Amino acid sequence: MCAARPADDDATADGSPAAGWSAQINALGDFIRAQRQLANLSLREMASMTSVSNAYLSQVERGLHQPSLKVLHSIADALQLSTEQLLGQAGWVTGTGAATASAESGGTEDAIRKDPRLSPEQRIALLGVYRSFVSGATE
């Protein structure tokens, strides 16, 4: 059962900095959840791998908490990603190749996330395939 997103996603269309930050945290949580599901890891399994409670990981995935750099590093290791990829998703990496690549692929990824014809499972799968092609092309 999926928990509801914080209501401020829809209510903060005023363009305030808080709205942008909330959107970044939600996008990061979505990215972490998608990567965890692609890795076929349960929250408990990932919690065990990261030494972070499954309750906290769940809250991070739902955009309710902003994880620390240490937690992001642990999550990246568990998902076999670079910390820089997660930092880029959080909007914390600027002026680097990862940030540029993230910005370039943002339009495609946003389109996938917003396409009403896709189920949540299809979005996760499509994002995973897209990212595998993009990461393979840049290395």
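Q: Hi! What does the secondary structure come to here?
A: Eight helices and zero strands. Keep in mind that this is a predicted model. Along the sequence, the pattern reads α-α-α-α-α-α-α-α.

Q: Okay, and how many of the residues count as buried?
A: The protein has 139 residues, and 36% of them count as buried.

Q: Now the inside. How many residues are in the largest nonpolar core?
A: There are 18 residues in it, and those with the most contacts inside the core are I32, M46, L57, L72, I75, L79 and L86. Two or more residues come from each of α2 (17-38), α3, α4, α5 and α6.

Q: Which helix gives the most to this core?
A: That would be α5, with five residues. As a general point, nonpolar side chains in soluble globular proteins tend to be buried together.

Q: Let's zoom in on L86. What does it touch?
A: Leaving out residues up to four places away in sequence, L86 touches L28, F31, I32, L72, I75, A76 and L81. L86 is also among the residues with the most contacts inside the core.

Q: Switching to α4. Which residues are buried there?
A: Helix α4 covers residues 54-61, and L57, S58, V60 and E61 are buried in it. Looking down the axis of α4, those buried residues fall within an arc of 160°, so they line one face of the helix. In general, an α-helix has 3.6 residues a turn, so residues three or four places apart point the same way.

Q: What comes just after α4?
A: G63 does, with a positive phi of about 80°.

Q: Which residues other than glycine have a positive phi?
A: S51 is one of them, with phi near 60°. Another is Q80, where phi is near 55°. For background, most residues other than glycine have a negative phi.

Q: Where do those two sit?
A: S51 is in the loop between α3 (43-50) and α4. Q80 is in the loop between α5 (69-78) and α6 (83-90).

Q: Is S51 buried or exposed, and what about Q80?
A: S51 is exposed, at a relative accessible area of 72%. Q80 counts as exposed too, because its relative accessibility is 75% and the cut-off for exposed is over 50%.

Terms used:
Residues numbered from 1 in each chain as written. Predicted model: local features only at pLDDT ≥ 70, side-chain atom pairs only at ≥ 80, totals over all residues. Heavy atoms only, no water. Buried < 20%, exposed > 50% of the residue type's maximum accessible area, 1.4 Å probe, protein only. Helix = DSSP H or I, 4+ residues; strand = E, 2+ residues; numbered from the N terminus. Arc of directions from axis to C-beta. Core = buried A, V, L, I, M, F, W, Y, C linked by side-chain atoms within 4.5 Å. Contact = heavy atoms within 4.5 Å.
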